[in-house]
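Here is a short briefing on one protein model. Look over the sequence and structure first, then read the notes by topic.

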Amino acid sequence: MANEIPTTIQKALDINLDPHSYGTIAEIGAGQEIARWLFQAGGAAGTIAKTISAYDMKFSDAIYGVEEGGRYVSQSRLKKMLSKEYDLVVGRVAETRPEGTRFFAIADTVAAQGYKGKRECHGWMGIRLQLEAGAPTSDIIVHVRMLDRTNREQQIALGKVGVNLIYAAYFYFDDPVRMVESLVDNVGSDRIEVDMIEVSGGYLDNYDNRLLALQLVKSGLTDAVMFAPDGVVLNAADVLYKKDVLVLRGSFRPVTYVNLDMAKCSRAQFAKADGVDPEKTFFLTEITMSNLKGGGKIETHDFLSRVDVLSELGFNVMISNFAHYPDLGKYFSRYTKRAIGLVLGIENIFEIFAEDEYADLEGGMMEAFGRLFTEKARLYVYPKLSEEGALISADELQVWPHLQHLYRHFLDNKFIEPIEGCDPSLLNIRSQVIMEQLKKGDDRWREGVSDEVYAIITKRNLFGVNGAQA
């Protein structure tokens with residue numbers, strides 16, 4: 001069948017039987033698992049120039065250089081491995097290989113499960129290759145989390161992902177969706193989480209890494225992805241390590257004065273919280289996948305418009321599949337033990353305290369609150385205006401009567417804090433109204449956004465604004 005997924009051994013054999021592909025495999029941390037599949041398939045002599053494992057740090061440093069940060073399971077180490085191994089294979093055999101040879105080097109550096117105890121098991125894997133003989137090189141780099149409990153299971157899963165990566169690079173490079181989804185073929189996202197992908201060079205230079213990262217979330221290969229303001233895809237484990245984290249969730253369609261006020265006021269308040277170091281605080285804006293859907297599907301251009309504006313404003317951006325705030329809080333607790341602040345509008349409190357939202361959890365609402373209100377996690381709540389025009393802050397909010405005492409408990413113990421210093425004149429701004437005006441060419445939409453946001457949107461024709469400019 002056309003859509004049938006080849007087995008790992010079939011993929012390995014296809015790679016080996018390709019008369020033009022030739023390269024090296026370097027693996028650190030979980031054994032020679034990628035190489036093992038290619039050797040088992042047969043015909044590897046025409047594909048593999050060399051396999052190598054350098055487990056001793058001194059040997060590794062002698063081959064690839066010293067890591068200044070001392071972290072061997074890192075993107076930096078992986079890139080050094082790819083460079084070294086690719087240059088070696090080309091330098092040593094290019095003149096003797098048949099015409100039409102396409103060279104590659106695939107490498108990984110991982111921390112697999114050890115015999116001494118449990119730890120976070122993750123790693124970096126990448127391939128540098130020519131997609132045509134003599135062509136400039138292309139790189140595909142991924143970060144994975146290994147979710148199996150035993151070392152052996154992790155080795156097997158990692159080897160399959162490595163074969164998938166080589167296969168995807170050569171056979172699916174012109175189909176980005178298939179390229180991404182095939183990374184967990186014959187493994188499954190319950191065993192391997194691919195939480196970052198970055199492509200560059202050669203035929204892949206035209207790919208937008210943000211769209212590939214979005215595809216990881218859409219396809220269920222990970223729960224969340226992040227971008228820096230310059231569009232570079234970020235690895236959560238790296239950027240959140242030992243950081244205080246402040247997260248502003250919104251639709252940002254478009255970024256309004258309200259969003260900017262929420263960001264400004266919450267950052268100022270968070271910086272004053274006990275134990276928070278403003279110099280070690282990572283602030284990011286977050287859009288849940290449900291806020292990206294229109295007509296039941298992800299609107300790609302709309303997604304890029306939001307990310308473009310947020311990036312131009314200097315914000316880090318996160319896209320997640322977390323429908324509920326407790327899952328968002330749990331995610332950040334995985335990567336940092338420092339303070340976590342979640343910034344939200346006051347209406348979202350009713351969503352958090354809606355018991356039917358947690359019907360799928362055995363412990364119901366209390367289990368969800370256990371995920372959300374960790375020792376150092378806080379909610380920072382932006383106020384609203386009543387129908388009479390009075391300011392309603394988190395202190396005055398009334399939830400359902402039988403839960404009011406619980407809500408009060410969180411307020412009194414500073415797990416929920418009203419955002420202070422906001423501008424009440426902005427509270428009548430509604431992003432839905434602004435977007436409707438924008439789509440209709442009604443220039444009143446500019447009244448709800450800053451001059452900078454207005455300039456970004458009109459200059460770049462975002463959100464279909466063409467023709468709606470002043």
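Does Glu-286 count as buried or exposed? Glu-286 counts as buried, because its relative accessibility is 0%; buried means under 20% relative accessible area, exposed over 50%, and partly exposed in between (1.4 Å probe, protein chains only). The model is predicted: local features need pLDDT of at least 70, side-chain atom pairs count only at pLDDT 80 or more, and totals for chains, interfaces and linings use all residues. Residues are numbered from 1 along each chain as its sequence is written, and side-chain values use heavy atoms, with hydrogens and water left out.

**Overall build**

- The protein has 16 helices and 18 strands; these are DSSP runs (helices H or I, at least four residues; strands E, at least two), numbered from the N terminus.
- The radius of gyration is 25 Å, close to the 23 Å from the globule rule for 470 residues, so the protein is as compact as a globular protein of that length. That radius is taken over C-alpha atoms, and the rule is 2.2 Å times the number of residues to the power 0.38.
- Along the principal axes, the C-alpha atoms fill a box of roughly 80 × 60 × 45 Å.
- Buried residues make up 55% of the 470.
- Of the contacts with a separation of 6 or more, 72% link residues 24 or more positions apart. Contact means heavy atoms within 4.5 Å.

**Surface and charge**

- The protein exposes about 21200 Å², and carbon and sulfur atoms supply 49% of that area. Accessible areas come from the Shrake-Rupley method with a 1.4 Å probe; for residues, only the protein chains shown count as cover.
- There are 52 positive and 66 negative side chains, and the centres of the two sets lie 4 Å apart. Lys and Arg count as positive, Asp and Glu as negative; His and the chain ends are not counted. Each charge is placed at NZ of Lys, CZ of Arg, CG of Asp or CD of Glu.

**Glu-286**

- Glu-286 sits in strand 10 (residues 281-288).
- Its side chain makes a polar contact of 2.6 Å with the side chain of Ser-320. A polar contact is a pair of N or O atoms within 3.5 Å; within protein, one must be able to donate a hydrogen and the other to accept it, and residues adjacent in sequence count only if both atoms are side-chain atoms.
- Beyond four places in sequence, Glu-286 touches residues including Val-247, Leu-248, Arg-249 and Leu-328.

**Arg-253 and its cis bond**

- Arg-253 lies in the loop between strand 9 (244-249) and helix 9 (257-271). Pro-254 is found in the loop between strand 9 and helix 9 too.
- The peptide bond from Arg-253 to Pro-254 is cis, with omega near -5 degrees.
- Arg-253 counts as partly exposed, because its relative accessibility is 30%.
- The side chains of Arg-253 and Asp-302 are joined by a polar contact of 2.9 Å.
- Leaving aside neighbours within four places in sequence, the contacts of Arg-253 include Arg-306, Ser-431 and Phe-463.
- Arg-253 and Val-307 are 54 residues apart in sequence, yet 9.9 Å apart C-alpha to C-alpha.

- Phe-463 has a positive phi of about 55 degrees, although it is not a glycine. Phe-463 falls in the segment after helix 16 (451-460). At 4% relative accessibility, Phe-463 counts as buried.
- Lys-242 has a phi near 55 degrees, a positive value in a residue other than glycine. Lys-242 lies in the loop between helix 8 (236-239) and strand 9. At 54% relative accessibility, Lys-242 counts as exposed.
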